[in-house]
Protein chains: 2
Amino acid sequence: MARVCLAGDCDSDGEGAADGLAQRVIRLRKGEPLYLLGDPLAALFAVRVGTVKTHVATEDGRTQVVGFHFPGEVVGLDSIGRRQYASYATALEDTKVCMIPMDVLRPLAACTPALASRVFRALDGYAQRTRALQTLLALMTAEERLVTFLLWISEGLAARGFSSSEFILRMSREEIGSYIGLTLETVSRQFSRLAECGLIRVKHRSVALVDKAGLRAIADRSAISPIPPGTNRRRGGEQRVPAQAVRTSAAAWATRTQPATAAMQADNPKINPFAWEAGNGQQ
Amino acid sequence: MARVCLAGDCDSDGEGAADGLAQRVIRLRKGEPLYLLGDPLAALFAVRVGTVKTHVATEDGRTQVVGFHFPGEVVGLDSIGRRQYASYATALEDTKVCMIPMDVLRPLAACTPALASRVFRALDGYAQRTRALQTLLALMTAEERLVTFLLWISEGLAARGFSSSEFILRMSREEIGSYIGLTLETVSRQFSRLAECGLIRVKHRSVALVDKAGLRAIADRSAISPIPPGTNRRRGGEQRVPAQAVRTSAAAWATRTQPATAAMQADNPKINPFAWEAGNGQQ
DNA sequence: CGCTTCTTTGACTTTGTTCAATACATGTGG
DNA sequence: CCACATGTATTGAACAAAGTCAAAGAAGCG
């Protein structure tokens, strides 16, 4: 909560300039746009309080929420490297964001390695989150999608120090559905169904996760697993002999200069779209 | 095709060191893994010839292709910023890649701004592609997905100087389906259906795009459009008054230091997962 | 040349969508 | 402060789209 505005702990390089990043605080009321798709990319925005959604629309009027952004997170990363915003950003409730002008960020990042790496990690985090969504959308059932979504929200809240088992959703059923690739009716039905099973309690937008273990069991069915070798069970799939050699040689590069580093590697951490930037970034 | 191995046109900084990035060429036969999920992140790989898929698997055995990688593209970007590979990488056909060891890339990028920015753009490109997939998976029908996929392939080939209207797919129906969130049967049926309509010709893995305009019309239905203000048609949705002020002030930042730049902005380019890195990156 | 894998196609089932009606909150104005 | 209006949520029934199961035909590979 304190680590807001990208420059939060940038004092490591004692610049002071980095703190100047947050040029200005902007207040948005519920439903107000922060920027529109196609607007010149003038700034990134760090959410201070409130919630922002980023979204796009298709030619024929379908709509797609591409991201929800909670306090501590940066809005606009999906447009970095472009000249114009690639999505709309709209406040879901009364919200305060601080503006990080690109004209300040760019030159400053160019001469401040710590800041550059911070931006880099933020972008990497964005990519990770989007990929988690990719798998959610490609191979989860409606139930798994909603459960996974709820757990993401829950973990995001926990990372920010709030109750992770009882919370109020800031977005409508339609927005949830749009985000996880379902219709609002299906979302609503899944909510009811989970409540029937005693896994959660729902009353409109307030949700209580009653049986977290049960929920996690559902989500874990579709969780990415490091165990099986992958798709190809073809006969040729076992031609791993030379591959072994390749991997060994690749690994050799890692070991050559920093053998200790290789040893103290942790497990693959789970990706959570809503807990990424709030925590100190698990890398 | 010539611009391979990340350092392709890095001679701008005359380092020479950048060209040393491609430490080693690795040959893979069809079906061979390049790396496994969980392996220590030792290197990125640039595809020289052939095709690589990156993929993951869930606890209960479902499989998901998260990316196809063609000549000129980098494999492993989804794992940058982590200590271990976040997916499997497997050759779809006999393939040559060159290895870019992280131990070389990291320090070199740290002191070579041109290279750092190159890596940054590659990561940005990866994020863009993943987001294009996100919308594909969330709101396209089976037909739109396959058509969009085919057009991506086609444009990717065109960007690399090959025929964009006739080509041979390197991946199976199952792999296509896994990538675009469908079963292999549905993919096959959609192929047949498109052929029936005279939009394409298919014979197993060789595809000819007969009526590109027709195909594009299908894909455009679900193409992202900058026109409508977005989701919220709520009464409060028109509270754009202060937002206008916000946007104006945000835009002012852009104009302040580089007014000319703002003026020569191009349209939002289309995102194409398979033409991104081959072309010189549309930004 | 024979085996395996991949692709196509058919019949049927499941899942989620669509259309529609009702109920629930919230916030606004009388 | 209450009543009404509006957007939001729930639920039902019919429908459509894609998934599953199954079998047969075509390519590729050893």
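Predicted model: local features only at pLDDT ≥ 70, side-chain atom pairs only at ≥ 80, totals over all residues.
1. Residues are numbered from 1 along each chain as its sequence is written, chains are lettered from A and ligands numbered from 1 in the order in which they are written, and side-chain values use heavy atoms, with hydrogens and water left out.

2. What does Asp78(B) meet in a salt bridge? The partner is Arg131(A), at 2.8 Å from N to O (a salt bridge is a side-chain nitrogen of Lys or Arg within 4 Å of a carboxyl oxygen of Asp or Glu). Arg131(A) belongs to helix H2 (residues 113-139) of chain A, and Asp78(B) to the loop between strand E6 (74-75) and strand E7 (88-91) of chain B, so this pair joins two chains. Helices (H or I, at least four residues) and strands (E, at least two) are DSSP runs, numbered from the N terminus. Arg131(A) is buried too, with a relative accessible area of 6%.

3. Within chain A, have a look at Glu143(A) and Arg193(A), whose closest N and O atoms are 2.8 Å apart in a salt bridge. This pair links distant parts of the chain, helix H3 (residues 142-159) and helix H5 (residues 184-196), 50 residues apart. Glu143(A) is buried at 15% relative accessible area, whereas Arg193(A) is partly exposed at 40%.

4. Chain B has its own example: Lys53(B) and Glu175(B) form a salt bridge of 2.9 Å, N to O. Lys53(B) sits in strand E4 (residues 52-57) and Glu175(B) in helix H4 (residues 173-180), so parts 122 residues apart in sequence are tied together. Both residues are buried.

5. Salt bridges also form a network, which links Asp60(A), Arg62(A), Glu143(B), Glu144(B), Arg193(B) and Arg221(B). Over all chains, the count comes to 18 salt bridges.

6. Next, a sheet in chain A: four strands form an open sheet in the order E1-E8-E3-E6, with antiparallel pairing (two strands pair if DSSP finds at least two bridges between them). Why is one side of E1 (24-28) and of E6 (74-75) left without a neighbour in the sheet? These strands of chain A stand at the edges, so each has a single partner strand. Strand E3 (residues 43-49) of chain A is joined to E6(A) by two bridges, and Phe45(A) has Val75(A) as its bridge partner in E6(A).

7. Finally, two helices of chain A: H4 (residues 173-180) and H5(A) pack at about 100°, their axes 8 Å apart. Axes are lines fitted to C-alpha atoms, for helices over the stretch in contact, and angles run from 0 to 180 degrees between N-to-C directions. H4(A) is therefore roughly perpendicular to H5(A) (65 to 115 degrees; under 35 is roughly parallel, over 145 roughly antiparallel and the rest oblique). Residues in this contact (heavy atoms within 4.5 Å) include Ile176(A) of H4(A) and Phe191(A) of H5(A).

Key
Buried < 20%, exposed > 50% of the residue type's maximum accessible area, 1.4 Å probe, protein only.
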